[in-house]
Protein chains: 2
Amino acid sequence: MQFTSEQRLDDGVLEREFTLGEIPGTLWTPGAAPAPLILMAPNNGLPKRESRLVARARHYASFGYAVAAIDAPGCGDRPRSAADEQARADLRRAMQAGEPVDEIFESFIGPLVEKAVPEWRTTLDALLSLPEIGGPVGYSGWTAVGVRLAVVEPRIAAAGFFAGGYVPRAQREEAPQVTIPLLFLMQWDDEGNPRQRALDLFDAFGTKEKTLHANLGGHVGTPWFEVEDGSRFFDRHLK
Amino acid sequence: MQFTSEQRLDDGVLEREFTLGEIPGTLWTPGAAPAPLILMAPNNGLPKRESRLVARARHYASFGYAVAAIDAPGCGDRPRSAADEQARADLRRAMQAGEPVDEIFESFIGPLVEKAVPEWRTTLDALLSLPEIGGPVGYSGWTAVGVRLAVVEPRIAAAGFFAGGYVPRAQREEAPQVTIPLLFLMQWDDEGNPRQRALDLFDAFGTKEKTLHANLGGHVGTPWFEVEDGSRFFDRHLK
């Protein structure tokens, strides 16, 4: 893990860019160490520099968490293939048109999840070797990657998932194997995530400790207080 | 409004029993005055001295709210008719057996809501005349009474509703008229409240600011952190 740049934010949080082999990442650490860690995965291959993700990461860091985000293969600042670009454009167009996107999801997002999860585990190894990070480890963000990580990675102690109307079939099928505490956040009128599918996914999780939060509005309308609710969820399970 | 007894709790909260005409009530007030007010209605005519309600009231009072609870006509410490006792027993038996209870709801809970709402408004008048209570006013608890109060009582600024699978038809029909901020709390496997009906009621509310919280488990299994979430909801709207 090589740090390539750093800046100190107003509230004492240190924000550093890093690379780990081909993986570009950002790490936010609070003043006090060692800190519990939150892995924050941008949804469906969005870039880790997406402004709402950065705001959320900085908020959690200001409340005492180390937070890490990485770009998935072919996403964010990583080299993109023409085929990926085409699939991404198809997905965006179909979602905006309100068309079913299952097929694109299976052919594009499904393999992306398969490729992203091992990279998150490699990143987790590297992060936990840093003296400023102590664990335990939480996960926040992209539902499909989180489901898979929660099933295969015993170091994840609690997870917050967002949206979840469209999730690859493999992750819908393994949802009953998720047994860690969950906070499942959805938007009631999410234009890209059918409501009933999100509710069905929440229902399917195997954990005994799961909480659903839903707010009125579309995909990007989540109210800011949900970030605060999320940090209290992690406080209960990671601190 | 006549105070009939009082005790000072460990955290400085004053807990007083009162009567207002035929209405018996309890008022919890914090050390600092004037305080914003939360009307806390025991669900479906349960007694105001029910232990979970009292714990919730004391918690809110310790966070700076005046909290008031009253017994509905024929409920709690009030004179009970044989017919009410029979209806209550029928309702309990049907719910425990998992049978549909719409008919009992319409004939017993429906009229109870009609009788309870004017008493809450009379109580609100009396409470707001006390120097230790300043407003604004929130509502917490029994969904059907809360829906009606939110529609007819302009002094209610925000409301937290619990359960809501079974609600009299009149309140289901006036749900779209509710336009104040709402926190709607349900148990995912509530044995007495069908899940889909609760979700449909949440969907029907007319307000632009509504949040759904659902937790795994049965009717009395709500985790304690929902009380804290509830007090933060009121902090956003009443303080």
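**Exercise 1. Find the residues that Asn43(B) touches, leaving out those up to four places away in sequence.**

Solution. Step 1: apply the contact cut-off, heavy atoms within 4.5 Å. Asn43(B) then touches Trp142(B), Thr143(B), Phe162(B), Ala163(B) and His219(B).

Step 1: Asn43(B) sits in the loop between strand E4 (35-41) and helix H1 (51-62) of chain B. Helices (H or I, at least four residues) and strands (E, at least two) are DSSP runs, numbered from the N terminus.

Step 2: classify its exposure. Buried means under 20% relative accessible area, exposed over 50%, and partly exposed in between (1.4 Å probe, protein chains only). Asn43(B) has 18% relative accessibility, so it counts as buried.

A note on the model: it is predicted, so local features need pLDDT of at least 70 and side-chain atom pairs count only at pLDDT 80 or more, while totals for chains, interfaces and linings use all residues. Residues are numbered from 1 along each chain as its sequence is written, chains are lettered from A and ligands numbered from 1 in the order in which they are written, and side-chain values use heavy atoms, with hydrogens and water left out.

**Exercise 2. Give the phi values of Asn44(B) and Ala163(B), then state where each residue lies.**

Solution. Step 1: recall the background. Most residues other than glycine have a negative phi.

Step 1: take Asn44(B). Its phi is positive, about 50°, although the residue is not a glycine. Asn44(B) lies in the loop between E4 and H1 of chain B. Its relative accessibility is 22%, so it counts as partly exposed.

Step 2: take Ala163(B). Its phi is near 65°, again positive in a residue other than glycine. Ala163(B) belongs to the loop between strand E7 (156-162) and helix H5 (169-174) of chain B. At 2% relative accessibility, Ala163(B) is buried. Ala163(B) is also among the residues that Asn43(B) touches.

**Exercise 3. Which peptide bonds that end in Pro34(A) and Pro136(A) are cis, and where do these prolines lie?**

Solution. Step 1: recall the background. Most peptide bonds are trans.

Step 1: check omega. The bond joining Ala33(A) and Pro34(A) is cis, with omega about -5°. The bond from Gly135(A) to Pro136(A) is cis too, with omega near -5°.

Step 2: Pro34(A) is in the loop between strand E3 (23-29) and strand E4 (35-41) of chain A. Pro136(A) is in strand E6 (residues 133-142) of chain A.

**Exercise 4. Describe the surroundings of Asn215(A).**

Solution. Asn215(A) is in strand E9 (residues 210-215) of chain A. It is buried, with a relative accessible area of 2%.

Step 1: list contacts, leaving aside neighbours within four places in sequence. In chain A they are Leu185(A), Met186(A), Gln187(A), Trp188(A), Pro223(A), Phe225(A) and Glu226(A). From chain B come Lys210(B) and Thr211(B).

Step 2: look for a polar contact. This is a pair of N or O atoms within 3.5 Å; within protein, one must be able to donate a hydrogen and the other to accept it, and residues adjacent in sequence count only if both atoms are side-chain atoms. The side chains of Asn215(A) and Glu226(A) make one at 2.7 Å.

**Exercise 5. How far apart in sequence and in space are Val227(A) and Tyr60(A), and Thr19(A) and Ile70(A)?**

Solution. Step 1: Val227(A) and Tyr60(A) are 167 residues apart in sequence and 8.3 Å apart from C-alpha to C-alpha. Val227(A) is in helix H7 (residues 225-238) of chain A. It is buried at 9% relative accessible area. Beyond four places in sequence, Val227(A) touches Arg56(A), His59(A) and Tyr60(A).

Step 1: Thr19(A) and Ile70(A) are 51 residues apart in sequence and 9.1 Å apart in space, C-alpha to C-alpha. Thr19(A) is in strand E2 (residues 14-20) of chain A. At 29% relative accessibility, it counts as partly exposed. Beyond four places in sequence, Thr19(A) touches Met1(A), Gln2(A) and Thr4(A).

**Exercise 6. Why is chain A as compact as a globular protein of its length?**

Solution. Step 1: count elements. Chain A has 7 helices and 9 strands.

Step 1: apply the rule. The radius of gyration is taken over C-alpha atoms, and the globule rule is 2.2 Å times the number of residues to the power 0.38. The radius of chain A is 17 Å, close to the 18 Å that the rule gives for 239 residues, so chain A is as compact as a globular protein of that length.

Step 2: The C-alpha trace spans about 45 × 40 × 30 Å along its principal axes. Of the 239 residues, 56% count as buried. Among contacts between residues at least 6 apart in sequence, 69% join residues at least 24 apart.
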